[in-house]
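I opened this notebook to record what I looked up, in the order in which I looked it up.

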Amino acid sequence: MPSPSEPSAEAFSATDHLLMARALRLAERGAFTTRPNPMVGCVLAHGEEVVGEGWHQRAGEAHAETLALREAGDRAKGATAYVTLEPCAHTGSTPPCADALVAAGVSRVVAAMRDPFPKVDGAGFERLAAAGIEVASGLMEKQARELNRGYLSRMVRGRPWVRVKLATSIDGRSALASGESKWISGEASRLDVQHWRARSGAILTGAGTVLADDPQLTVRLGDDTPFVPPLRVVLDAGLATIARGRVREGDAPTLYIHAPNTKLSRGIQAELATAPVQAGRFDLHQVLRLLTERGINEVQVESGATLAAAFLEAGLVDELLLYVAPVLLGSKARPLFDGLNIQSMADRMELDIVDTRQLGEDIRVLMHPVRQRDAGKG
């Protein structure tokens with residue numbers, strides 16, 4: 001029996017790869033609705049013949065394995081189950097999926113990866129193996145980890161995955177000197193942003209952006225695609241924006257994070273939380289801890305240059321989503337980041353380009369900061 005821990009790639013057939021890829025595509029359908037749960041897909045098959053499939057669609061509802069077993073019926077007996085994450089072994093909102101697979105009589109379970117959630121974390125594999133089911137994991141694990149990077153960040157690192165979204169001119173400017181920034185990017189880019197918002201558990205901004213731009217920070221997909229509205233988070237030390245702005249309108253919830261010593265006015269009807277503030281700057285590690293406690297997997301930062309730079313300086317940016325428009329704003333316009341303390345080339349901040357694509361006239365660049373690299377080499 002293959003070990004549930006890290007079998008070699010040679011242990012998997014072309015059919016295994018084909019059907020796990022299908023399970024990953026199914027899992028991705030839950031990108032806008034499953035949080036705080038991970039996205040999971042499941043395919044049941046006899047050889048290449050698929051007899052059942054499903055994906056986790058919404059937290060509190062049936063898991064992927066349950067839906068696939070329901071579709072397969074009696075044909076689940078003797079089948080191989082391809083699952084993008086280790087089947088759960090605990091009772092939460094739904095019964096354990098490992099038990100359901102055992103009861104259905106599947107003969108083999110192939111998982112993309114182990115689930116680091118403490119109540120699972122190998123227990124699902126152990127339960128399956130104890131029932132005599134052949135278990136293997138590690139197939140297309142890289143793709144599975146990328147799919148659930150926010151969930152894994154919260155489980156393993158104890159904080160959400162942080163994505164900073166910015167629009168810039170070709171000369172690296174984010175707004176005119178007056179603060180005017182609508183619209184640097186084109187319509188195609190603005191629509192693309194909505195999909196990134198929809199997969200986020202929270203959209204975070206600062207008081208300065210609320211005062212200057214009056215953003216609504218809601219998801220506007222323009223079709224009937226289901227999504228769970230992300231939490232809107234405003235960092236406002238003195239609650240200067242508490243009684244104003246479109247950020248309080250609509251169905252999406254809003255959370256204001258303020259300094260502990262802020263005097264609260266009577267009659268405030270808003271969700272509030274506190275985080276330490278020193279020299280006018282929030283402790284961003286503590287801000288993210290607050291969001292972790294609320295089950296937030298991914299945070300999308302949509303702020304001005306100062307707060308965006310503060311997240312970078314703190315080493316808290318996992319992903320930079322940059323929309324580059326073919327326009328020039330000039331030397332007096334505001335920079336993309338304001339406050340980065342870089343004194344020499346050896347201290348420069350390097351980024352890995354993960355993906356580039358054209359959206360209308362704009363170029364979208366997705367980048368990950370390079371960590372622990374000697375920038376002075378080469």
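**Entry 1: a parallel pair.** I began with strand β9 (residues 231-235) and strand β10 (residues 254-258), which run parallel and are joined by 4 bridges. In this pair, Arg232 stands opposite Thr254 of β10. I took helices (H or I, at least four residues) and strands (E, at least two) as DSSP runs numbered from the N terminus, and I counted two strands as paired if DSSP finds at least two bridges between them.

**Entry 2: the source.** I noted that the model is predicted, that local features need pLDDT of at least 70 and side-chain atom pairs pLDDT 80 or more, while totals for chains, interfaces and linings use all residues. Residues are numbered from 1 along each chain as its sequence is written, and side-chain values use heavy atoms, with hydrogens and water left out.

**Entry 3: the sheet around this pair.** I traced an open, mixed sheet of 9 strands in the order β11-β10-β9-β8-β14-β6-β15-β18-β17. At its edges I found β11 (271-274) and β17 (351-359); each has a single partner strand, so one side of each lacks a neighbour in the sheet. From one strand to the next the twist averages 25°; axes are lines fitted to C-alpha atoms, for helices over the stretch in contact, and angles run from 0 to 180 degrees between N-to-C directions.

**Entry 4: its helices.** I saw helix α7 (residues 187-198) running at about 165° to β15 (319-325). Helix α9 (residues 284-293) lies across β6, β8, β9, β10, β11 and β14, at about 155° to β9.

**Entry 5: the other sheet.** I recorded 5 strands in an open sheet of mixed pairing, ordered β2-β1-β3-β4-β5. Here the twist averages 15° from one strand to the next. Strand β4 (residues 108-111) runs parallel to β5, with 4 bridges between them, and Arg108 stands opposite Glu134 in β5.

**Entry 6: the domains.** The domain assignment, automatic or from a database, gives domain 1 (14-147) and domain 2 (158-369). I read 35 Å between their centres, taken over C-alpha atoms. Their contact (heavy atoms within 4.5 Å) takes 9 residues from domain 1 and 14 residues from domain 2. Together they bury about 910 Å², 53% of it on carbon and sulfur atoms; this is the accessible area (1.4 Å probe) lost on being put together, summed over both parts. Phe32, Arg35 and Pro36 supply 66% of the area that domain 1 buries against domain 2.

Terms used. Buried area is the accessible area (1.4 Å probe) that two parts lose on being put together, summed over both.
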